[in-house]
Amino acid sequence: MASEEKPQREPATHLVIVPHTHWDREWYRPFETFRHRLVHLVDTLLDILESDPAFLFHFDGQTIVLDDYLAIRPQNEDRLRRQLQSGRIRIGPWRVLPDQFLVSGESLIRNLQQGHADCARWGVQPSAVGYAPDMFGHAAATPQVFAGFGIDCAVVWRGVGPDVRDTRFMWQGADGSRLFTIYLADSYSNGANLPTNGDALMARLDEIRAAQRDFCHIPPLLIMNGSDHLEPQPAIPALMDAVVARRPDWTWELASIESFVEMARGHAGDLPLHVGELRHPWRANILPGVTSVRSYQKQADFMASRLLEKYVEPLTAWAQQLGGDRGNADFTAYAWRLLTENHPHDSICGCSVDAVHDEMDTRYEKVMQLGLTLQNDAISQLAEALDAASLATGFEQALVTYTAARPALQLLDT
């Protein structure tokens, strides 16, 4: 007698909640206005982390927020360092989250170098995930750039087109480099402002699961508990325990984005392959028209990048090789850091409030002032290193040759 078939159950769901904020340094408010909110957020976060040893926080893949905070709260540096070194605040690999199409390729590399240097200064390893949740599309060379920093996985949202129908896919760059990539099918804000009522929270979680049903084909389900400029929700862990206790087919954990990537990577299955840039507007706006917005700032960025890349650094390196080291490498690094402050995706795109772009103009002017100073200093060092005696000898020989040839030249003139 055939055994009776058992009813099919919905696969178990493992909810992975990542507390985070997406921090636009300047956008619909100028920098100092947003910094006021940032300081309050970090103050609150430090209090939460010190009172709840299980809580953790993802700080948007960038490091500049720490410097912005400490400029106002230098007395909290040790508190912040403890949480960073414990791994409960995750930063990097970027210094800022840039636009990838409106800045030079070299500046993207410098941006990552700066992020890694900041992490080293804090005594922590940068995030191993190429976190790029809100950039307006991604260049074809991005996998190659990430690979150059030892990054073999990425997290993206905007720009993913209809060829990707999975939260996991392989992304191949222009040079053949491949990244295991997480696609945030319902954005980096799918778990923003989770309800603090048990029934409402359960209903919201069901909505999130439904929204990802066509894309998430593995048990771990990523819930990004945060959004633009949002503060952490310390009550969520206790509420999740209560909700999951009522759903025997659910499990959950609070985790870092790195932990989720490793969970997702550990599940078998053929992954779709996408080759080249990610710049499809089908699922999320990528602001393709911003190239022509405030075009004078795009031109200023090109001029500043060219000055540093093509003139300041080659001339300075040449002067150093000839023994003319005046310590200008630190000035050059500062100029690059100042320039990358204009590269966040809501800055260089040109569609923020006027006050933001006024400040950007000032930064460009500073970079040009310093860049031209460094260029001229390098040229003066090279001039000092010239063998003037050999130049004088050469001039004298040329004069003798000209004098000897002068009669013949006069004959030709007639």
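I began with the pairing of E1 and E9, which run parallel and are joined by five bridges. Looking along this pair, I noted that Ile17 has Leu254 of E9 opposite it. I keep in mind throughout that this is a predicted model.

Next I turned to the pairing of E1, residues 13-19, with E8, and found that this pair is also parallel, with six bridges. Here I looked up His14, and its bridge partner in E8 is Pro220.

Putting the pairs together, I wrote down an open sheet of three strands in the order E8-E1-E9, with parallel pairing. E8 and E9, the latter spanning 250-254, are the edge strands, since each of them pairs on one side only. Neighbouring strands in this sheet are turned against each other by 25 degrees on average, with direction ignored.

I then asked which helices belong in the picture. Helix H7, residues 236-245, packs on the sheet and touches E1, E8 and E9, and its direction makes about 170 degrees with that of E9. Helix H8, residues 257-265, lies across E1, E8 and E9 and runs at about 160 degrees to E8.

My last entry concerns E8, residues 220-225: how many of its six residues are buried? I found that six of the six are, so to speak, mostly covered as a strand. In a regular strand, side chains alternate between the two faces of the sheet.

Conventions. Residues numbered from 1 in each chain as written. Predicted model: local features only at pLDDT ≥ 70, side-chain atom pairs only at ≥ 80, totals over all residues. Heavy atoms only, no water. Buried < 20%, exposed > 50% of the residue type's maximum accessible area, 1.4 Å probe, protein only. Helix = DSSP H or I, 4+ residues; strand = E, 2+ residues; numbered from the N terminus. Pairing = 2+ DSSP bridges. Axes fitted to C-alpha atoms, helices over the stretch in contact; angles between N-to-C directions. Contact = heavy atoms within 4.5 Å.
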